[in-house]
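Please keep the sequence and the structure in view while reading.

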Amino acid sequence: MASWTSSQFLYEEAKPCGIQFLERFKRSGRLSFKQYQALVFTLTFVAYIAFHAARKPNSIVKGTLSASTVRGGWSPFDGPDGKALLGQIDLAFLSVYAVGMFVAGHLGDRLDLRTFLTIGMIGTGIFTALFGLAFWANFHSFYYFLAVQVLAGWFQSIGWPCVVAVLGNWFDKKRRGMIMGVWSAHTSLGNIAGSLLASGLLRFGWGWSFLGPALLITFLGLVVYFFLPVNPPTVGAERDGTEVDSTMRLGDTITESFLGSRMSTGFDRKAIGFMAAWKIPGVAPFAFCLFFTKLVSYTFLYWLPFYVSHNMIGGEYLSEETSGNLSTLFDVGGVVGGVLAGYISDQLDGRAITAAGFIYLAIPALFLYRIYGHISLTINIILMFTSGVFVNGPFALITTAVSADLGTHKSLKGNARALATVSAIIDGTGSVGAAIGPVLTGYISEISWDAVFYMLMTAAFVSGLLLTKLVVTEVKAMVYGSPEEEGVATTSSPATRAPIDVLL
């Protein structure tokens, strides 16, 4: 089955030419299902590493562009309102990103995800490079930087719905928390890679900090186009008798063999509507929870290097390059937190309980980092890492495993055309918070950094409260052994799950 079409969609899906090339080296003439899973896992993983690496230069060069540097900064950011202007650019990027996420998710369930994702990656590369071009072209117009960031935000918004939908097409619900917990490390690894790359290139001029990540994501966009298999029917992938696809489920019952009927796969059904996706039980509370969780996470993403370089640690100020490198430890903690949250949620069979627990633990972690982080470099490292674990852990869980669970919820009756829309609603709502956090920090930090941290702790508290109803539902399911309909984020009970060969 090289390709198939449906009149309900706007495209024709075809086997990527890179896959056809790889199959020439296989004696059987085709890749196994597990090899496809490994390929999908790897390509979507590195693709989103590139997306996040392309976002990181903005935070790394903040200190260089502002008036606080020896070189005098870069107009128009070298004036007394420099931090506010940088905050406005962040707001513009993240606002367009948030709005674009809803649009991209709607389109993602109707367009070829491979081509759509490639467009997002190459477009991101172009506009990331154009921001850095101002260094060589000697551009100083605030509106130039604003326009470039607006367009970069649009292309960035394409990435997330696409990669979640593709991954959800290939992996069953069983152990999805663990698999996606490992996979969600791309966010933190992307931040780390972007920080190290942008910091390393900063010595040659701040424009290079943008050009490096831009070239990386452009190259990987081409790799994705030639090699990414969107779903099993597209490439004619067959499962063995032990494998079960979550998109074939009606509740937890398998209705037909995987390739026995195209309709049984759920890939050519009518895509779910935007408002219908909001009505899926659990989508709204997790979406609004992510609003506040992402507000905290993205404030660190955009302002942590600046905060570290402008606050004494162990009695001295660190250089911008050192601060950028040190800030990666927050993301290292995020990698650990994402894996832990996924694993714990699988073991407890409770996504909401795990997410809420991490969120509430983030509050004392943030408090301790602000109060004691200045004492010494060692203490700062420990507390920064701990904060990363508890801040990014629930962020990773909600945007990956929870989104995929809800996108294949049993109320959809096996319809596979909801993953991109649901993931876009959840992450898009979160991205509104992500847009608000950094710009608020630009203004509130003028008052004091204590006020910034109180804002972050308050946001974390509200985020946890929003999951209260789902937490209660999951606790009742554990105690009484019968999940209620509202416990949407929970997976099916182990007794009813069919086994599946997974990547790990």
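**Charges over rings**

The charged end of Arg114 is placed over the ring of Tyr225, at 4.8 Å from the centre of that ring. Lys62 likewise lies over the face of Trp303, with 5.0 Å to the ring centre. The model discussed here is a predicted one.

**Aromatic pairs**

- The structure contains 37 aromatic pairs.
- One of them joins Phe131 and Trp206: the ring centres are 6.3 Å apart and the planes stand at 75°, so this pair is classed as edge-to-face, because planes over 60 degrees apart fall into that class.
- Phe300 and Phe330 form a stacked aromatic pair, with 4.5 Å from centre to centre and 0° between the planes.
- Phe300 is part of helix α14 (residues 283-309), while Phe330 is part of helix α16 (residues 328-348), so their pair ties together parts of the chain that are 30 residues apart in sequence.
- With a relative accessibility of 5%, Phe300 counts as buried.
- Phe330 also counts as buried, at 3% relative accessibility.

**Aromatic cluster**

- One aromatic cluster is formed by Trp74, Phe77, Phe131, Phe135, Trp136, Phe139, Tyr144, Phe145, Trp206, Trp208 and Phe210.
- Both partners of the edge-to-face pair, Phe131 and Trp206, are among the members of this cluster.

**Nonpolar surface patch**

- A nonpolar patch on the surface consists of Phe367, Leu368, Ile371, Tyr372, Ile375 and Tyr454.
- Together, these residues have about 560 Å² of accessible area.
- Which helix gives the most residues to the nonpolar patch? Helix α17, covering residues 351-372, gives the most, with 4 residues.
- Ile371, one of the residues of the patch, has its place in helix α17.
- Is Ile371 buried or partly exposed? Ile371 counts as partly exposed because its relative accessibility is 34%, a value that belongs to the class between the limits of 20% and 50%.

Definitions and conventions. Residues numbered from 1 in each chain as written. Predicted model: local features only at pLDDT ≥ 70, side-chain atom pairs only at ≥ 80, totals over all residues. Heavy atoms only, no water. Patch = residues over 30% accessible without salt bridge, like charges linked within 9 Å, V, L, I, M, F, W, Y side chains within 5 Å. Areas by Shrake-Rupley, 256 points an atom, 1.4 Å probe, with all protein chains shown as cover. Salt bridge = Lys/Arg side-chain N within 4 Å of Asp/Glu carboxyl O. Helix = DSSP H or I, 4+ residues; strand = E, 2+ residues; numbered from the N terminus. Buried < 20%, exposed > 50% of the residue type's maximum accessible area, 1.4 Å probe, protein only. Phe/Tyr/Trp six-rings, centres within 6.5 Å; stacked < 30°, edge-to-face > 60°. Lys NZ or Arg CZ within 6 Å of the ring centre and 35° of its normal.
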